[in-house]
Amino acid sequence: MDDEAGPIVRPYALTKGRTRPSGAMLDLLALVTATGEAAGSPEQEAILRLARSPISVADVAADLDLPVGVVRVLLADMRDQGLISVTSQAGPRPSERVLKEVINGLRAL
Amino acid sequence: MDSALSEDPVALKILIAGGFGVGKTTLVGSISEIKPLKTEEILSDRGIGVDDLDGVEGKTTTTVAMDFGRITIREGLVVYLFGTPGQERFWFMWDELSYGALGAVVIADTRRLTDCFPSIDYFEQRGTPFVVAVNCFDGEASHSVEDVKIALDLEDHVPVLLCDVRKRSSAKEVMIALVEHSLRTLATAP
């Protein structure tokens, strides 16, 4: 296949042309967890498989090799359908304790 | 019940910035499992002048690839690395990326020092803590940290490190320096 020519199917064909997700914008780091089983498309099935344990929106997009914008629309639909739950990880600034834990964790790598 | 597990998961975001070809991908790959992350973006006005769109007038979006890496500190505590797109016309994406970011690593190449000016300006304006990592491609420092600090007109508190982004140990030192710097910034913030 000629990768240079780009995808054969335009990315937003998967979302029926919609470029904006329903509801609130999903943060790249929000965690997605599967809560349902009946998927309506191969992409939904793939997302449910990935989200058996919590996975970030960015990881879903990277693993499916789909643009983030497309994945956001798909995930918002699945949230509306009760197939997944979404937990925000964007909270207040991290505590000193957490940052010290990160420094120690990096040293131990 | 284990108190560590009952806490909400914490995700930290660190940006890796710098000019084109300066070693952003290499740095992310040295310290984390790297994956390409695609975004389908609407071309900015700036991009329209730059891209040759003759004959493809219908094209209004373009795919931008970023480097994306993840370091798991422990269950429920993950550091995500995002390599910011180098070209200035994709800067509209930086606002989302830098929202809530713990800090940024600006990689500099002393042979093309001006390439990292825009990144430094951006993080200074947003008040995002950052460190400058001078990538020594040949393993030898051709300039001292002080020279670089003066050339970049950096404030005194901004850490500058010499590094070799290909080496995991060196990449680790850079990341640790950034988190320590963020910690200090956090402590002095109002």
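Analyst: A crossing of two helices is left-handed if the near helix is turned anticlockwise from the far one by less than a right angle, and right-handed if clockwise. The model discussed here is predicted.

User: What is the handedness of the crossing in which α2(A) passes α3(A)?

Analyst: Two packed helices are described by the angle between their axes and the distance between the axes. Here the axes of helix α2 (residues 57-64) of chain A and helix α3 (residues 68-80) of chain A come within 9 Å and cross at roughly 115°. That angle makes α2(A) roughly perpendicular to α3(A). The crossing of α2(A) past α3(A) is right-handed.

User: How many residues of the contact of α2(A) with α3(A) are nonpolar?

Analyst: From α2(A), Val57(A), Val60(A), Ala61(A) and Leu64(A) meet Val68(A), Val71(A), Arg72(A) and Leu75(A) of α3(A). Among the residues of this contact one is charged and no residue is polar, and the number of nonpolar residues is seven.

User: Is strand β4 (residues 77-83) of chain B largely enclosed or largely open?

Analyst: Six of the seven residues of strand β4 of chain B are buried.

User: Which element gives the most to the side of chain B that touches chain A?

Analyst: The contact takes 25 residues from chain A and 28 residues from chain B. Elements giving two or more residues to the side of chain B include β1, β4 and α7 (168-188) of chain B. With eight residues, the element that gives the most is α7(B).

Conventions
Residues are numbered from 1 along each chain as its sequence is written. Chains are lettered from A and ligands numbered from 1 in the order in which they are written. This is a predicted model: local features need pLDDT of at least 70, side-chain atom pairs count only at pLDDT 80 or more; totals for chains, interfaces and linings use all residues. A residue is buried if 20 or more other C-beta atoms lie within 10 Å of its own, exposed if 12 or fewer, and partly exposed in between; C-beta atoms are placed from the backbone. Helices (H or I, at least four residues) and strands (E, at least two) are DSSP runs, numbered from the N terminus. Axes are lines fitted to C-alpha atoms, for helices over the stretch in contact, and angles run from 0 to 180 degrees between N-to-C directions. Angles under 35 degrees count as roughly parallel, over 145 as roughly antiparallel, 65 to 115 as roughly perpendicular and the rest as oblique. Two residues are in contact if their C-beta atoms, placed from the backbone, lie within 7 Å. Ala, Val, Leu, Ile, Met, Phe, Trp, Tyr, Cys and Pro count as nonpolar, Asp, Glu, Lys and Arg as charged, and the others, Gly among them, as polar.
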